[in-house]
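We will go from stop to stop, with something to select at each one.

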Amino acid sequence: GTGGERLENFVTHAKNGYYDGVLFHRVIKGFMIQTGDPNGDGTGGESVWGGEFQDEFVRELRHDRPFTVSMANAGPNTNGSQFFITTVPTPWLDNKHTVFGRVFKGMDVCSAMELVRTNDGDKPREEISIISVDVE
């Protein structure tokens, strides 16, 4: 890839309203919060090109701090629309998940979200969803 797919994918989905109303379907305290699946259960979603896109690992973008925004996947080169926000440093994810952002405002919201009660499948018992994503 050219290195821009991860950003183009997220920005285009955001502008098209793809993420509006989508649930945070997986929350693991002391690890991360995950969203981006229109099915709301971790089974769905696709890239803006349909299907999946390649991993893009950038040496400067690591899982070296909390509030790193990274693509969820099902193995190498299976990026679609799902992504997660870490709540702690997660260096074991480097070169396995494509980092494309950092939370710089609303960290308190992420921290509160990670504390919600979940079922056995790590799904929040009370729905938490994205209202909308604004791209500036």
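**Before you start**

This is a predicted model, in which local features need pLDDT of at least 70 and side-chain atom pairs count only at pLDDT 80 or more, while totals for chains, interfaces and linings use all residues. Residues are numbered from 1 along each chain as its sequence is written, and side-chain values use heavy atoms, with hydrogens and water left out.

**Stop 1: the nonpolar cores**

Start by selecting I33 and F83, the residues with the most contacts inside the largest nonpolar core, which has 19 residues. A nonpolar core here is a set of buried Ala, Val, Leu, Ile, Met, Phe, Trp, Tyr and Cys residues joined through side-chain atoms within 4.5 Å. Buried means under 20% relative accessible area, exposed means over 50%, and partly exposed is in between, using a 1.4 Å probe and protein chains only. Now colour α1 (5-15), β3, β4 and α2, the elements that give two or more residues to this core. Helices (H or I, at least four residues) and strands (E, at least two) are DSSP runs, numbered from the N terminus.

Stay on I33 and show its surroundings. Leaving out residues up to four places away in sequence, I33 touches F24, R26, V27, F83, F84, I85, C110, M113 and E114; contact means heavy atoms within 4.5 Å. Next, pick M32, A72, F84 and L93, which are included in a second, separate core of five residues. In soluble globular proteins, nonpolar side chains tend to be buried together.

**Stop 2: the pockets**

Select F10, V103, K105, V133 and D134. Of the 25 residues that line the largest pocket, these lie nearest its centre. On a 1 Å grid over the protein atoms alone, a pocket is an open set of points with protein on both sides within 12 Å along at least five of seven lines, whereas a cavity is a set of points where a 1.4 Å probe fits but cannot get out; lining residues have an atom within 4 Å of a point. The volume of the largest pocket is about 980 Å³, where grid points are joined across faces, edges and corners, and a volume is the space filled by probe spheres set on the points. At least two lining residues come from each of α1, β4, β5 and α2.

Which classes of residue make up this lining? In the largest pocket, 17 are nonpolar, four polar and four charged. Ala, Val, Leu, Ile, Met, Phe, Trp, Tyr, Cys and Pro count as nonpolar, Asp, Glu, Lys and Arg as charged, and the others, Gly among them, as polar.

Move on to G44, G45, E52, T78 and Q82, which lie nearest the centre of the second largest pocket among its 16 lining residues. This pocket has a volume of about 210 Å³, and its lining divides into two nonpolar, 12 polar and two charged residues.

**Stop 3**

The structure holds one cavity of 30 Å³ or more.

Zoom in on D94, in the loop between β4 (83-86) and β5 (99-102). Is D94 buried or exposed? D94 counts as buried because its relative accessibility is 15%. Its side chain makes a polar contact with the side chain of R62 at 3.3 Å. A polar contact is a pair of N or O atoms within 3.5 Å; within protein, one must be able to donate a hydrogen and the other to accept it, and residues adjacent in sequence count only if both atoms are side-chain atoms. Beyond four places in sequence, D94 touches R62 and H63.

N95 is in the loop between β4 and β5 and is partly exposed at 46% relative accessibility. Outside four places in sequence, N95 touches F57 and R62. T90 is also placed in the β4-β5 loop; this residue is buried, with a relative accessible area of 0%. Apart from neighbours within four places, T90 is in contact with F31 and H63.

**Stop 4: two positive phi angles**

Finish with N77, in the loop between β3 (68-71) and β4, where phi is near 60 degrees, a positive value in a residue other than glycine. Then select D122, in the segment after α2 (107-113), which has a positive phi of about 65 degrees. Most residues other than glycine have a negative phi. N77 is partly exposed at 32% relative accessible area, and D122 is partly exposed at 26%.
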